Amino acid sequence: MKDSRTKTKSILLIAVGNSGRGDDGLGWAFADKAKNYASDSLDYEYCYQLQIEDAEQISKYDTVIFVDASHSILDNGFEMKICEATNHYFFSSHVQSPETILYLSNDLYRKKPEAYTMAIQGSDWDLKTSLSKEAKKNLHRAFDFFVKEFLPTIYPGKKETINQISF
């Protein structure tokens, strides 16, 4: 799904995951929260996995944020970092890393958006449509950071609204 009502700085949030696999749905849950908060400021894409075709899509944006669940133990339950382009491909063309998608966007389209990854720690990957308690806490921490610390740096116009948000 894509919400292309963005009228200002071009920002795409790509939510990776599967809401039918427990905490693997963290990326989608994050995008849902972001949509409720900043639907007019960001465009959204929900996908099960990144594919090489995503390089063309991200080439059209100034900033891209990849959000996905993580099996790793992360400080505070999430990690946000700058995404650096790297030239490494997985055997299957249907499973690629954010770094590879960024590399392909630059290599094929001569466009390298500012890019970030947000990993949110999960713990339960069973077939179900709900998040674990731990994942919900981590989602809340990640979103709180995103709204209060990260979003104002890439979209200064949201700062006055951010201070009014209650969680």
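The largest nonpolar core of this predicted model has 33 residues, and L13, F30, L42, I65, M118, I120 and F146 touch the most other members. A nonpolar core here is a set of buried Ala, Val, Leu, Ile, Met, Phe, Trp, Tyr and Cys residues joined through side-chain atoms within 4.5 Å. Buried means under 20% relative accessible area, exposed over 50%, and partly exposed in between, with a 1.4 Å probe and protein chains only. Two or more residues of this core come from each of β1 (11–16), α1, β2 (43–47), β3, β4 (78–82), β5 and α4. The most is given by α4, with nine residues. A second, separate core has 15 residues, including C47, I58, L102 and L104.

Residues are numbered from 1 along each chain as its sequence is written, and side-chain values use heavy atoms, with hydrogens and water left out. Because the model is predicted, local features need pLDDT of at least 70 and side-chain atom pairs count only at pLDDT 80 or more, while totals for chains, interfaces and linings use all residues.

Helices and strands are DSSP runs numbered from the N terminus (helices: H or I, at least four residues; strands: E, at least two). The table compares spans from first to last C-alpha with the expected span, which is 1.5 Å times one less than the number of residues.

| Helix | Residues | Number of residues | Span | Expected span |
|---|---|---|---|---|
| α1 | 26–38 | 13 residues | 18 Å | 18 Å |
| α3 | 98–109 | 12 residues | 16 Å | 16 Å |
| α4 | 133–154 | 22 residues | 30 Å | 32 Å |

Helix α4 has a kink of about 40° centred on F146. The bend at a residue is the angle between axes fitted to the seven residues ending there and the seven starting there. F146 is buried, as are A135, N138, L139, A142, F143, V147, F150, L151, P152 and I154 of α4. In α1, the buried residues are L26, G27, W28, A29, F30, A31, A34, Y37 and A38. The buried residues of α3 are P98, T100, I101, L102, L104 and S105; what covers them includes α2 (54–58), β3 (63–70) and β5 (114–121).

Strand β5 is largely enclosed by the rest of the structure, because seven of its eight residues are buried. Two strands pair if DSSP finds at least two bridges between them. β5 pairs with β3 in the parallel sense over eight bridges, and with β4 in the antiparallel sense over five bridges. In β5, M118 is the bridge partner of V67 and I120 is the bridge partner of F78.

Contact means heavy atoms within 4.5 Å. Leaving aside neighbours within four places in sequence, I120 is in contact with L26, F30, V67, D68, A69, S70, L74, G77, F78, N138, L139 and A142. I120 is also one of the core residues that touch the most other members.

Two residues have positive phi without being glycine. N76, in the loop between β3 and β4, has phi near 65°. This residue is exposed, with a relative accessible area of 56%. R110 is exposed, with a relative accessible area of 62%.
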